[in-house]
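Subject: Structure handover, domain interface

Hello,

Here is the structure for you to take over. My notes on how its parts meet follow below.

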Amino acid sequence: MTRVYNFNAGPAALPLPVLEKAQAEMLECGSAGMSVMEMSHRSKDFAAIIGAAEANVRKLLNVSDDYAVLFMQGGASLQFVMIPQNLRRSGKTADYVHTGSWSSKAIKEAKVGGSVNVAWDGKDESYMRVPKQSELSLSADAEYVHICSNETIGGIRYPVFPKTSAPLIADMSSEIMSRQIDVSRFGMIYAGAQKNIGPSGLALVIIRKDLIERCPETVNVFLRYKTHADDNSLYNTPNTWGIYILKLVTDWMDTIGGLAGMQKINEDKAATLYGALDSSDFWKTPADKESRSIMNVVWRLPSEELEDQFVSEAKKAGFVGLKGHRSVGGLRASIYNAVGRDAIDALVGFMREFEKKNG
Ligand SMILES: *Cc1c(COP(=O)(O)O)cnc(C)c1O
């Protein structure tokens with residue numbers, strides 16, 4: 001077996017113990033006599049799995065009973081659609097902070113069928129930082145304020161979240177459960193699972209229960225949060241495999257100290273990689289220092305030729321997924337929860353050698 005150092009942006013690395021456990025349970029999950037993919041989603045065996053997944057999420061993020069925890073399909077992208085439909089009532093507006101590619105997609109969906117106030121746009125600075133509180137032009141009557149807490153492509157994140165009087169909604173796809181957060185500051189948090197907590201096709205939604213009730217009757221039944229909350233994410237057949245893997249991933253996080261443990265490891269990993277990048281002019285990091293993501297680290301080399309060479313030599317040496325997103329170029333290492341300290345140390349070693357030969 002050869003497992004590479006996986007820096008993919010998403011779908012991304014999963015913890016090896018999780019894959020091993022899933023492998024061991026592939027033919028018989030628990031005492032069910034079948035794999036998890038062959039079970040009824042209404043069976044006792046699956047009820048135990050989805051119940052444990054929800055309990056893990058609640059425990060790790062310290063989610064109170066004021067919030068529903070939902071497992072949805074359609075990834076984070078369907079949430080871009082559902083949020084305005086459910087939470088922005090007719091004739092009202094919503095505030096969106098534009099910090100890069102993913103907030104842009106959220107805004108595009110929100111502009112369909114209603115009004116959007118862009119409370120800040122990072123365009124003039126090429127989306128290399130998040131705004132300060134004082135820079136936000138929030139509307140007095142906004143139904144909610146939407147942010148992307150970690151821009152996966154630009155590699156920026158909020159060191160502290162904005163204060164808002166309207167409910168704050170955050171797309172946390174690429175940083176969910178990577179650091180400790182205070183859920184009670186948010187109206188809703190959501191994340192596609194495939195970066196930090198599971199496979200693609202599954203979205204985790206944590207939404208305050210009073211907001212669930214806001215949805216207008218004009219919204220299709222399936223697209224209402226209430227539909228899924230009332231049926232405990234079992235209104236239709238959910239992504240059972242995804243929920244099972246999410247349960248295993250969150251079990252694993254628990255064994256390494258929960259989110260306090262994860263955050264410490266992640267900050268350490270990011271400090272090591274940024275430290276190497278900052279130590280020489282050969283590497284350039286476009287993101288503003290205070291906004292630097294600890295999940296997606298973006299950097300440039302002196303020329304695009306060198307960047308291509310870096311990617312191909314890295315690949316030969318066993319480092320995968322280092323090419324920057326096609327929209328911004330350069331290099332990017334996504335160092336999610338499942339990417340170990342060993343991968344960072346190996347990458348930094350490779351970078352030193354590369355600089356010696358080409359710097
Ligand atoms: C990956 C990503 C998405 C899209 O997730 P899908 O599950 O593919 O819809 C949305 N927002 C952010 C911040 C992401 O990183």
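Contact here means heavy atoms within 4.5 Å. The model is predicted.

By the contact cut-off, 26 residues of domain 1 meet 25 residues of domain 2.

The size of an interface is often given as the accessible area lost when the parts come together. For domain 1 and domain 2 the buried area is about 2,100 Å², and carbon and sulfur atoms account for 57% of this area. Within domain 1, the residues that lose the most area to domain 2 are Met128, Ile153 and Arg157; together they make up 26% of what the domain 1 side buries.

The rule for polar contacts, in turn, finds 12 residue pairs across the interface, with both residues at pLDDT 80 or more.

As for which elements of domain 1 touch domain 2, at least two residues each come from helix 2 (44–61), strand 7 (156–157) and helix 7 (240–255). Helix 7 gives the largest share of that side, three residues. Sorted by class, the side of domain 1 that touches domain 2 consists of 11 nonpolar, nine polar and six charged residues.

Regards

Notes
Residues are numbered from 1 along each chain as its sequence is written. This is a predicted model: local features need pLDDT of at least 70, side-chain atom pairs count only at pLDDT 80 or more; totals for chains, interfaces and linings use all residues. Side-chain values use heavy atoms; hydrogens and water are left out. Buried area is the accessible area (1.4 Å probe) that two parts lose on being put together, summed over both. A polar contact is a pair of N or O atoms within 3.5 Å; within protein, one must be able to donate a hydrogen and the other to accept it, and residues adjacent in sequence count only if both atoms are side-chain atoms. Helices (H or I, at least four residues) and strands (E, at least two) are DSSP runs, numbered from the N terminus. Ala, Val, Leu, Ile, Met, Phe, Trp, Tyr, Cys and Pro count as nonpolar, Asp, Glu, Lys and Arg as charged, and the others, Gly among them, as polar.
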